[in-house]
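Good morning, and thank you for joining this group meeting.

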Amino acid sequence: MSRNDTSDLIFRRVLAVFPISILILVAGILFQLVYSSLPSLSKFGVGFLFHNTWDPVNENFGALPFIFGTLVTSLVALLLAVPVGVGAAIYLAEYAPPPVSRVISILVDLLAAIPSVIYGLWGIFVLVPCMRDTIQPFLGKYFGFLPFFQGPNYGVGVLAASIMLAIIIIPFIISVSREVILAVPTVYKESAYALGATRWEALSNIVLSYGKVGILGAVILALGRAIGEVMAVTMIIGNNVKISASLFSPGYTLASVIANEFAEADTNLYLSALIEIGLVLLLVSIIVNILARLLIWSVTGGNSTEGMK
Amino acid sequence: MKDMIQSAFDRTRLQREIWNKAMVSILFLCAISVLLILFNILWHLLIQGISSLNLDFFTHLPKAVGENGGGMANAIVGTFILLILAVCVGVPIGLGTGVYLSEYAHHRFAQTVRFITDVMNGIPSIVFGIFAYTVCVMPMKTFSALSGGFALGLMMIPMITRTSEQFVKMVPNQLREAGLALGVPQWRVIVDIILPSAIGGIMTGIMVALARVAGETAPLMFTAFGNDHFSRSLIQPIAAMPLQVYQYAISPFDDWHRQAWAGAVVLIAMVFFINIWAQYFVASRKRWSAGK
């Protein structure tokens, strides 16, 4: 018996090496990014985040245009994707006949599995021409009085990137909110029906109010994905370091400036400024994820919401 | 709550039914529009991709700028090499952690690890690229297959951890108890009984993680870097399909655009095949575990 105990203990200790190595890896990523961006951190300090120049020639760096671009594209993407995604999730969880719901869920999972470089390819050759010839002229004509829809129309730009991001995050919103909605106890819905509520009344008053915290979690999780998305955005946002109110104008995001300039960065300070941008991305994504997980965990009781079900 | 009941009384049953039907139609439209987007993407991929696909694509190296033809043989091989390297990094750590989390789940430490793994899953892919750059590329002073495989392997860890934990947990408890009742130590139960029963699911999880990282471009841009030829060693830059698709897509040449579509269609065929197969597998495994 005691021999068993010893061998079990050894096995557990050995197996514990793997989880500990994950903790070390995450800490290592954080440490490396902070360490490698020290030159930039010490030169520009906090001002890096609020400084509106990006001048590799004179080595003067500020991340504000990229932070602005990331915020605008992510928020516009959320505005477009949340109503559609949550609506589709409700339909799948509550209304669609089970076989239909199953098939659509598989298709939505496929949409989530498309590599982002392929979204980008589709963006360049399908979405951008469509933006240039149809959507942006339409918006300019009827909503041109708003500052967001003014200016030259290139096709590529902040609006195209936002729509692309919306398409990319919709599958995540659907699959997470679907699970949150399915986690609502059936008893509550049945009680509402017993009181004579229609399906929509039961849904809006019972299911959505029960699940709203979890759906908020899904939205924040999607925000995290949008902020970290690289390829598809880089390929169609136009890559221009300028802050502009117009959604038609080309912009730049945190992730895409790293993708575009990292391999070309020739000086130490330039490289460390780019790594500091990576650090900003990392910290934002950690905060966003912790927040989202806490919200979703509070609803679904600790069951994971990503990966295979 | 009171307001809601009051407003329900204020309206007639008919009004409420019409409102109900209208909202359901809107929800239906939401679901349909998502499907339309998916079909639009697939349609363009198939039309443009299949027509650009030929045998040369799989067997030839890329041609120089301006010359037509050529293929992505080096990128296809490169992607496979990168994926093998990624498996070497991602599978031991992911599988080990998954088994640990499942079998010693009650420990507080396990909760912490689970949380950190979830956070790691949300780290943007490009950050893994930067990390691999600082720990592999900078000390070795060269872009390399090793650093690219390392970056992809890191991305696989949280996915494999999650799926292995789930599948190991799905093994019926009777099997564990039967082993323990025979006086077998717990670790032998895990190694000889639980892992063999869960191996199919674990493999599926690994395949899905592979499909996910096979299409990753961002972490490879400054680690694997890309290469116009076959690379002869693991410490040289190496080509990869997503990188090649990206470079061709943003190029100004029509022939390269065609190559990009062809690459995209091969990439997506692989990703979809693995995903559909995995869904089928998970469904059958769930029935198996419920039937016990």
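**A walk through two chains**

Setting aside residues up to four places away in sequence, B:Gly98 touches B:Ile160, B:Thr161, B:Ser164, B:Glu165 and B:Val168; here, two residues are in contact if their C-beta atoms, placed from the backbone, lie within 7 Å. What you are seeing is a predicted model, in which local features need pLDDT of at least 70 and side-chain atom pairs count only at pLDDT 80 or more, while totals for chains, interfaces and linings use all residues. Residues are numbered from 1 along each chain as its sequence is written, and chains are lettered from A and ligands numbered from 1 in the order in which they are written.

Let me stay with B:Gly98, which is placed in helix 4 (residues 73-103) of chain B. Helices (H or I, at least four residues) and strands (E, at least two) are DSSP runs, numbered from the N terminus. The C-alpha atoms of B:Gly98 and B:Glu165 are separated by 4.2 Å, although the two are 67 residues apart along the chain. Is B:Gly98 buried or exposed? B:Gly98 is buried, because 27 other C-beta atoms lie within 10 Å. The terms are these: 20 or more other C-beta atoms within 10 Å make a residue buried, 12 or fewer make it exposed, and anything in between is partly exposed, with C-beta atoms placed from the backbone.

B:Gln111, in helix 5 (residues 108-121) of chain B, counts as partly exposed because it has 13 C-beta neighbours inside 10 Å. Between the C-alpha atoms of B:Gln111 and B:Asn74, 37 residues apart along the chain, there are 43 Å.

I turn to the domains of chain B. The assignment gives domain 1 (2-52) and domain 2 (55-291), with bounds that come from an automatic or database domain assignment. Their centres, taken over C-alpha atoms, are separated by 35 Å. Six residues of domain 1 of chain B are in contact with seven residues of domain 2 of chain B.

Next comes chain A. Chain A has 12 helices and two strands, and 51% of its 309 residues count as buried. Along the principal axes, its C-alpha atoms fill a box of roughly 70 × 65 × 30 Å.

How many residues does each chain give to the contact between them? Chain B gives 76 residues and chain A gives 73 residues. On the side of chain B that touches chain A, helix 2 of chain B gives the most, with 18 residues.

That helix 2 (residues 13-52) of chain B packs with helix 4 (residues 64-95) of chain A at an angle of about 110 degrees, their axes 8 Å apart. Axes are lines fitted to C-alpha atoms, for helices over the stretch in contact, and angles run from 0 to 180 degrees between N-to-C directions. The two helices are therefore roughly perpendicular to each other, the term for angles of 65 to 115 degrees. Among the residues making this contact are A:Val84 and A:Tyr91 of helix 4 of chain A and B:Phe28 and B:Cys30 of helix 2 of chain B.

Finally, the largest nonpolar core has 188 residues, of which A:Met164, A:Ile169, A:Ile173, A:Ala222 and A:Ile236 touch the most other members. Such a core is a set of buried Ala, Val, Leu, Ile, Met, Phe, Trp, Tyr and Cys residues joined through C-beta atoms within 7 Å. Its largest share, 18 residues, comes from helix 7 (residues 158-182) of chain A.

Definitions and conventions: Angles under 35 degrees count as roughly parallel, over 145 as roughly antiparallel, 65 to 115 as roughly perpendicular and the rest as oblique.
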